[in-house]
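The sequence and the structure are shown first, and the main points follow by topic.

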Amino acid sequence: MIDNMGENLTKKIANALFPYMMYIKTRAKWNMEIKEDKKKYKVILFSHGFYGIPENYRAYINELVSQGNVVVAPYHTDGSAMHVALEEETIPFKPIEKEQYKERTTERIQNLEDAAYIFENYPEFKKHIDLSRIVAIGHSYGGGTVAGQLMNTELKGNDEDTPRLVGGIVMDSWMEPLKDIKKKYNAPLLSLHSSIWKWEGNETARADVDELNAYETQSMTLPETGHHNFNDFSFIQPFFFWLSKGIGKANVARTMERQFTAIHQFLKNLQ
């Protein structure tokens, strides 16, 4: 009886402090058996933002998994994560430096090979995935990293065991550090961006890169949205983030649904 009262009180307090969390729903379930069929699932490499961690994007990752994708969301070890605790060391956050962007792009390219290595240790799982159809997704600093990855990763072969990047999705990407790296993308790109988080240097860099793009870039601006409309923070305390201009006036749940619709359609159209 006491335990139930405590549990109910906890739920009431959580609902009062974080009312929008009730809108986060998922169709993903833990430890489900993999369906035995001939279908091969896409692998998605997810990149968190500056001073972020993968846990900031649970709504996105769960949604992608629920649609039949295999998501790999590593902690970036270049110092751009909030904090990373490894078995033998911890990597604290450090201020961004120009060379750090190149370091993370290199790390992301290595992640393609790492994904193949990880799945080698799970043969019962590996037979259900297609490493030749990897899609990179990232937010903010992670979005810029995905753009850099598309510039520097060559499409090689079509063997299902050979890591191959076939597309990228960037969410409110930080492109300014790429202003001196003007290369063409090697795969299609979907660019989702907010209407608030803008400044001249970033917009100019994005325009310059898009102009050089050899593939068609699909671009979508979400009206009345801010930078944190692309992570779970918009659900925690929307009023606070609205005051700080982290999110816009748009309904946070509907905004996320619009993003999911665009992302799923893009993934569906990728060959």
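Helix axes are here lines fitted to C-alpha atoms over the stretch in contact, and angles between N-to-C directions run from 0 to 180 degrees. The model is predicted. In the model, the axes of helix 2 (residues 58-66) and helix 9 (residues 252-269) cross at roughly 40° and come within 11 Å. Because angles under 35 degrees count as roughly parallel and 65 to 115 as roughly perpendicular, helix 2 is oblique to helix 9.

**Contact of helix 2 with helix 9**

- The crossing in which helix 2 passes helix 9 is right-handed.
- Helix 2 contributes Ala-59, Tyr-60, Glu-63 and Leu-64 to the contact, and these meet Met-256, Gln-259, Phe-260, Ile-263, His-264 and Leu-267 of helix 9.
- By class, the residues of this contact comprise 7 nonpolar, 2 polar and 1 charged.

- The buried residues in helix 2 are Ala-59, Tyr-60, Ile-61, Glu-63 and Leu-64.
- The cover over the buried residues of helix 2 includes strand 1, strand 2 (70-72), strand 5, strand 6 and helix 9.
- After helix 2 comes Gly-68, which has a positive phi, near 90°.

- Asn-56 lies in the loop between strand 1 and helix 2.
- With a relative accessible area of 10%, Asn-56 is buried, because the cut-off for burial is under 20%.
- Beyond its neighbours within four places in sequence, Asn-56 is in contact with Asn-231, Asp-232 and Phe-233.

**Nonpolar cores**

- The largest nonpolar core has 26 residues, and Tyr-60, Ile-137, Ile-169, Met-171, Ile-263 and Leu-267 have the most contacts inside it.
- Two or more residues of this core come from each of strand 1 (41-47), helix 2, strand 5 (129-139), strand 6 (165-171), strand 7 (189-194) and helix 9.
- Helix 9 supplies the largest share of this core, 8 residues.
- Met-171, apart from its neighbours within four places in sequence, is in contact with Phe-46, Tyr-60, Ile-137, Gly-138, His-139, Ser-140, Leu-192, Phe-230, Gln-259 and Ile-263.
- There is also a second, separate core of 23 residues, with Val-70, Ile-134, Leu-165 and Ala-205 among them.
- In soluble globular proteins, nonpolar side chains tend to be buried together.

Methods: Residues numbered from 1 in each chain as written. Predicted model: local features only at pLDDT ≥ 70, side-chain atom pairs only at ≥ 80, totals over all residues. Heavy atoms only, no water. Helix = DSSP H or I, 4+ residues; strand = E, 2+ residues; numbered from the N terminus. Parallel < 35°, antiparallel > 145°, perpendicular 65-115°, else oblique. Left-handed = near helix turned anticlockwise from the far one by under 90°. Contact = heavy atoms within 4.5 Å. Nonpolar A, V, L, I, M, F, W, Y, C, P; charged D, E, K, R; others polar. Core = buried A, V, L, I, M, F, W, Y, C linked by side-chain atoms within 4.5 Å. Buried < 20%, exposed > 50% of the residue type's maximum accessible area, 1.4 Å probe, protein only.
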